Amino acid sequence: MARGMMTALLILVVLTASGVTMKLGGTGAAREATPEVQELVDEVRHEVQDTSGRTFSKFTAVSYATQIVAGTNYFVKVAVGDEEYIHLRVFRSLTGSVHLSAFALDKAASDELKYFEKRPRTHTPGHTPRHPQSA
């Protein structure tokens, strides 16, 4: 427990020193996706595809915002096709484990990244998703 608290404190100190401004528990401003964010997105891609029943030919992180909790929530705008986007909420624990918390389909480039609660729905075999499968 003490190690986790020290890690969280260290993260806050580093964020403050690097000029990142956000209130604890609040979502920070959206910024351009980094290679680290793309790695997170790549790590949850199969779960998003399996759960949504869709296959995306493209899965590129465009922008992201973070929320510091007992770890970090990443809210990521992902380009999945021509003018087609989804939003992901990915949690990285203080120990580094990554978990897909939620995703939202049918997003536009102009949609703001903000906290959302939508839980991934499980694809039912034989059920046709709202969207055709991407090649």
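**Helix α2**

I looked first at helix α2, residues 35-52, in this predicted model. Its 18 residues reach 25 Å from the first C-alpha to the last, close to the 26 Å expected at 1.5 Å a residue; the expected span is 1.5 Å times one less than the number of residues. I took helices (H or I, at least four residues) and strands (E, at least two) as DSSP runs, numbered from the N terminus. I number residues from 1 along each chain as its sequence is written, and side-chain values use heavy atoms, without hydrogens and water. Local features need pLDDT of at least 70 and side-chain atom pairs count only at pLDDT 80 or more, while totals for chains, interfaces and linings use all residues.

I then checked the course of α2 and found a kink of about 45° centred on V44. The bend at a residue is the angle between axes fitted to the seven residues ending there and the seven starting there. After α2 comes G53, with a positive phi near 75°.

I listed the buried residues of α2: V37, Q38, L40, V41, V44, V48, Q49, T51 and S52. Buried means under 20% relative accessible area, exposed over 50%, and partly exposed in between (1.4 Å probe, protein chains only). The cover over these residues includes β2, β3, β4 and β5 (98-107).

**The sheet**

I traced 5 strands in an open antiparallel sheet, in the order β1-β2-β3-β4-β5. Its edge strands are β1 (31-32) and β5, each of which pairs on one side only. Two strands pair if DSSP finds at least two bridges between them.

Between β2 and β3 I noted 9 bridges in the antiparallel sense, with Q67 opposite N73 in β3. The hairpin that joins these two strands passes through 1 residue.

β3 (residues 71-81) is mostly covered, with 11 of its 11 residues buried. Its antiparallel pairing with β4 (residues 84-93) runs over 10 bridges, and V76 stands opposite L88 in β4. The hairpin here has 2 residues between the strands, and E83 in the turn has a positive phi of about 60°.

From β4 to β5, also antiparallel, I noted 7 bridges. R89 has A102 in β5 as its bridge partner.

I next placed the helix against the sheet: α2 lies across β2, β3, β4 and β5, at about 70° to β5. Axes are lines fitted to C-alpha atoms, for helices over the stretch in contact, and angles run from 0 to 180 degrees between N-to-C directions.

**Cores**

I looked up the largest nonpolar core, which has 20 residues; V48, F59 and L88 touch the most other members. Such a core is a set of buried Ala, Val, Leu, Ile, Met, Phe, Trp, Tyr and Cys residues joined through side-chain atoms within 4.5 Å. α2, β2, β3, β4 and β5 each supply at least two residues of this core, and the largest share, 5 residues, comes from α2.

Leaving out residues up to four places away in sequence, I found F59 in contact (heavy atoms within 4.5 Å) with Q38, V41, D42, R45, V48, V78, A79, V80, I86 and L88. Apart from this core lies another, of 5 residues, among them A102, A104, L113 and F116.

**S63**

S63 counts as buried because its relative accessibility is 14%. With residues up to four places away in sequence left out, S63 touches R31, E32, A33, F75, V76, K77 and L113.
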